[in-house]
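Student: I have the sequence and the model open. Can you show me how to read a few of its features?

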Amino acid sequence: MKRINGKGRKLISNLKFNLKKFTYENRIRFERTQENITFKRSIIKIVLKSLFKNIVFILFLIILEQLLVSKKVFLILPYNFHCLPLWFSNINKVIMSNINIFSEILSVIVGAAGVFLGLYCSNIMSMYSEKYVNATQNISRVYENDILTNKCIKMITDYILFSIIVLFLSVVQVKIGFLILLVTIFKGFEIIVSFGFMSRRTYQFSDTYYITNSVFDELYKILDHLKKDRYFLNDINFQYYYRNLAKNKLEVLMEINEFNLNKKSDNLSNNIVNFMQNIFCFLNEYWKKKKRIPDDSYWYDDKIYYKKWYKSSDYEIISALCKGSMVPHETTRNHLWIEEVLMEIMDRSFGYLVSNNKYLNVLKWIGFIKTISTSVIESGNFDFYVDYLYKIQKSIQNDFVPKVYPVEIKMAFAEYVIVNYLNFLVEVRKYVENEENFLHDIKSFEKSKGKPLNQYYRYLDIRKLYDNIDAEIKIEGKRITPDWYIKQALAKHCYDDLIDIYIKIDVIVNKYITGFVDNLFEQNDNAGTVIAIAKYNEILSKLYYAENSLKKRLEWLLTFYKDKNSVWQEIPQMDIYNKFKSTYNKIFPKWCRSTMHFVKENWNSYNKYPDVLGACYMYLCELLIETIETENFEIFKENYENLFEIMLLYYEYCKQELYSITNNSQNIQTISLCTNPIVEFGMISGYAYLWGELSNDSRWKDLVLSSTNNKIAKGNYVDYICQILQAVSDNFPFIRSHDILHNQWIRRMNIMFEEKGKISWKESHFRYEYDGDSKLLKLVLNNKGNSNFLKYNAYEIYAIVVLNRFLSVEKRYHARNRWETKYEK
């Protein structure tokens, strides 16, 4: 009995299990059926929709054909058109007589269209499985919703359905007219062309950054909506909606960028640069629209600001203590929310280029950045732009300078960084000097409906001013607010922006650029250092004009300052030019040292690079002449110490390039070019010694004597230099190369000596002669008023007064008129 009961229970248990299994399997089958039915419904819905559209279109064509072959229709037309119905009717007869051929051709084209569709779908699927296999949902959706692809596919499917309907009509003996034939032929050409587009699309999708184009198109459409000032500016819902829409698109861009950066591709770095360029182009367009978006608009995202307990009010602290919570945070409008998101994307992309050592792509990117500097200044986003330039500079300093690269690349990095800052100075000057940039904003005012015509409408005080004036016009029928008040309100914002630019320029030239050069020098990057410092003179030139233009424009804007109750900040007294000029005067020891190291390291391949040695030498000479003019002994002393070494190296290079000093077969011009460095060294030394004599300041003379003794005499160069100067004096009584430059130095020194020299004159035979105790000045000074202040060349004075001290009588320098004999007595 127990056995029977056990078998019964087991049987019942099996029945229950099988029943549940059957129920479960049928439920799964039913769910799958439901899914298939849902899918089929969507397909049927699309097919029916397309069928309906094509049927309506074909009916329209049939009705139109009937009208065209009807004689009644053409009775209302001129007599010349009465033959058209007969012509159309004959064409239809020809078509119907060859309807079988037409049907066969149409069937072939339909088959070809199906093949095209299948091939393209196959290509798209293989491309997706190869390039987008691990893509996120957003990336897949962007790929799936490509507009051109979907349009081409829809065009082919519509043509297939259209052709099937036409074939069906021909089977049921419905007359096919010339209009349907023309449309069929046209649609056939369309699918052939569309297949060409789709094939090219397959290659385009092989660049996984290409799908960002559709995202950028959506972002540009959002910018177009920002143009609709009246709706966008005043409707909070519009502002909030477009902000969220832009947020979603930016998130998609970020996902696509991360997806690509995690892949390995040979051409990825080039695609990254193109992607970053697209971002900056979008930013450029956005900044043009942004300057008209009010600061309190909901287009700007909220930024949380966490308050400090010590800054909180008593009520907030007591409330927080009672609740056991933190003090409440505050939210502000984040006017840089788009810039911050895009900057995060670009930082990740740039970091990929840096970490993978793609220095050529980095150079390409740095060269591109300067192209948007104009719009950055006009839109007031120069802070963001300059900060980004500095971020790039820091990356180069930390990630590229310490590594080993070809000399050309190190030079390019240094030059690109400096050139971007230089370009900013140039664009600032252009912007400031163009008065229309300010007159448009200050003097133009739209009276009707408060429409903003200037970029300062985004400020709350300007918006309030516009609204009040609009109310005046509506109530009083005219504007009551005076012109000067409107101009003052707008001019103040122009003035504040220029003050910010002025401060930013000071940061650029006296912090960023100088810090960059110091970093290059500390890391022994001689190639980068010499190129960067060589740009200092160009920076001085651009800075001089930019600063003067800024000061003039600020003073011009102050003329609109009428109501003194309104507080305007004073023009900063920073004197940026002179501050940078002081830095420039002290940079030459570093420049000379880096130049000599660079030339010696690359002596055999120096011709491949810019002549940084010649630049260093000539700018050093110019600085020393200038310091004599300004009587700045400390700067002269600091830089004169380097003159002989840099001159000697430059002379050796010129000699190697041009001729050997013992080769008398070289032409005179070549000899002149080669000996110029020694002549110029003698001129500067002679002028410095003479100024010590004229000013009764022995420091100048002592410096020249000690330097000659320590460097020239101890190095056994005195005899050699004296020979060169003697050969120049004996063989070049005519025009030499650099004569124009030397004559400028002579003129400047003559003016300076005559105006500042401590000279006493006496009248003798209707002229004024030197009346002093200096034996040297008695011999070398001309009469007062003579066009040539000195009788002899400065290098000759240096040779006789200084070099001859270290030579025996037979090796000494001899002037043509032997005036040295009078001096040596």
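Student: Which residues in H10 meet H13?

Tutor: Start with the term: contact means heavy atoms within 4.5 Å. In this predicted model, Arg243, Ala246, Lys247, Leu250, Leu253, Met254, Asn257, Glu258 and Leu261 of H10 meet residues of H13, including Trp337, Ile338, Val341, Leu342 and Tyr352.

Student: How are the axes of H10 and H13 placed?

Tutor: An axis is a line fitted to C-alpha atoms, for helices over the stretch in contact, and angles run from 0 to 180 degrees between N-to-C directions. The axes of H10 (residues 236-261) and H13 (residues 337-355) come within 11 Å and cross at roughly 5°. H10 is therefore roughly parallel to H13 (angles under 35 degrees count as roughly parallel).

Student: What do the numbering and the model type imply?

Tutor: Residues are numbered from 1 along each chain as its sequence is written. The model is predicted, local features need pLDDT of at least 70, side-chain atom pairs count only at pLDDT 80 or more, totals for chains, interfaces and linings use all residues, and side-chain values use heavy atoms, with hydrogens and water left out.

Student: Is Ile392 buried or exposed?

Tutor: Buried means under 20% relative accessible area, and exposed means over 50% (1.4 Å probe, protein chains only). Ile392 counts as buried because its relative accessible area is 3%. Ile392 is found in helix H16. Leaving aside neighbours within four places in sequence, Ile392 is in contact with Phe350, Trp365, Ile366 and Ile369.

Student: And Asn750, buried or exposed?

Tutor: Asn750 counts as buried, at 9% relative accessibility. Asn750 is found in helix H30 (residues 739-756). Beyond neighbours within four places in sequence, Asn750 is in contact with Ser787, Asn788, Phe789 and Leu790.

Student: How many of the chain's residues count as buried?

Tutor: Of the 825 residues, 46% count as buried. The chain has 33 helices and four strands. Helices (H or I, at least four residues) and strands (E, at least two) are DSSP runs, numbered from the N terminus.

Student: What share of contacts joins residues 24 or more positions apart?

Tutor: Take the contacts with a separation of 6 or more. Residues 24 or more positions apart account for 76% of them.

Definitions and conventions
Angles under 35 degrees count as roughly parallel, over 145 as roughly antiparallel, 65 to 115 as roughly perpendicular and the rest as oblique.
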